[in-house]
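Visitor: I am new to this structure. Please show me how to read it, feature by feature.

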Amino acid sequence: MGFDEVHKMDITGDGVDETVGVRRNGDGSVEYHVDVDGDGTADLLAVDTDGDGVIDHVLIDHDGDGKYDTAAVDADGDGELDAVAEK
């Protein structure tokens, strides 16, 4: 699965650029796949479900096993992630 764009930027604020793959989907949603630890696999997936520029939910793989363990959701659409679930 390829990306429409790939960027290098410091997502975590630690002074080191992470790789961000951007995928624009046919339904208008945009996915941001972020490789935080530089192993070539996304550790964070942020999704803008309606393409309005506001992230609607984020999935995070804290332990690097390739499976997302935490989900954060903007349930009311105000631009603030307000619900978190962890496995």
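Predicted model: local features only at pLDDT ≥ 70, side-chain atom pairs only at ≥ 80, totals over all residues.

**Reading the strands**

Guide: Begin with a pairing. Strand 5 and strand 6 (residues 70-73) run antiparallel and are joined by four bridges.

Visitor: Which strand pairs with strand 5 through four other bridges listed for strand 4?

Guide: Strand 4 itself is the partner. Strand 4 and strand 5 (residues 57-60) are antiparallel, with four bridges between them. Look for Leu45, which stands opposite Leu59 in strand 5.

Visitor: How many helices and strands are there in the protein?

Guide: The protein has zero helices and seven strands. Read from the N terminus, the order is β-β-β-β-β-β-β.

Visitor: How do I read side chains along a strand?

Guide: In a regular strand, side chains alternate between the two faces of the sheet. Keep that in mind for the next feature.

Visitor: Which residues make up the largest nonpolar core?

Guide: Start with the general idea. In soluble globular proteins, nonpolar side chains tend to be buried together. Here the largest nonpolar core has eight residues: Val20, Val22, Val30, Val34, Leu44, Ala46, Val58 and Ala72. At least two of the core residues come from each of strand 2, strand 3 (30-35) and strand 4 (44-48).

Visitor: What is Val58 in contact with, beyond its neighbours within four places in sequence?

Guide: Val58 contacts Leu44, Leu45, Ala46, Thr70, Ala71, Ala72 and Leu81. Val58 is also one of the core residues.

Visitor: Now the charges. How many salt bridges are there?

Guide: Side chains of opposite charge can pair when their charged atoms come close. The count here is two salt bridges. In one, Arg24 pairs with Glu5, and their closest N and O atoms are 2.8 Å apart. That pair links distant parts of the chain: Arg24 is in strand 2 (residues 18-24), Glu5 is in strand 1 (residues 5-9), and 19 residues separate them. Another joins Arg23 and Glu31, with the closest N and O atoms 3.3 Å apart.

Visitor: Is Arg23 buried or exposed?

Guide: Arg23 has a relative accessible area of 11%, so it is buried, the limit being under 20%. Arg24 is partly exposed at 46%. Glu5 is partly exposed too, with a relative accessible area of 27%.

Visitor: Where does Tyr68 lie?

Guide: Tyr68 is in the loop between strand 5 and strand 6. Its relative accessible area is 26%, so Tyr68 is partly exposed.

Visitor: What does Tyr68 touch, not counting residues up to four places away in sequence?

Guide: Tyr68 touches Ala42, Asp43, Leu44, Leu45, Leu59, Ile60, Asp61 and Lys87. Take Asp43 as an example. Tyr68 and Asp43 are 25 residues apart in sequence, yet 7.6 Å apart in space, C-alpha to C-alpha.

Visitor: How do I read the overall size?

Guide: Compare the radius of gyration with the value for a compact globule. With 87 residues, such a globule would have a radius near 12 Å; the protein has 13 Å, which agrees. Along the principal axes, the C-alpha atoms fill a box of roughly 35 × 30 × 25 Å.

Visitor: What about the surface?

Guide: The accessible surface is about 5300 Å², and 51% of that belongs to carbon and sulfur atoms. Of the 87 residues, 28% count as buried.

Terms used. Residues numbered from 1 in each chain as written. Heavy atoms only, no water. Salt bridge = Lys/Arg side-chain N within 4 Å of Asp/Glu carboxyl O. Buried < 20%, exposed > 50% of the residue type's maximum accessible area, 1.4 Å probe, protein only. Core = buried A, V, L, I, M, F, W, Y, C linked by side-chain atoms within 4.5 Å. Contact = heavy atoms within 4.5 Å. Pairing = 2+ DSSP bridges. Rg over C-alpha atoms; globule rule 2.2 N^0.38 Å. Areas by Shrake-Rupley, 256 points an atom, 1.4 Å probe, with all protein chains shown as cover.
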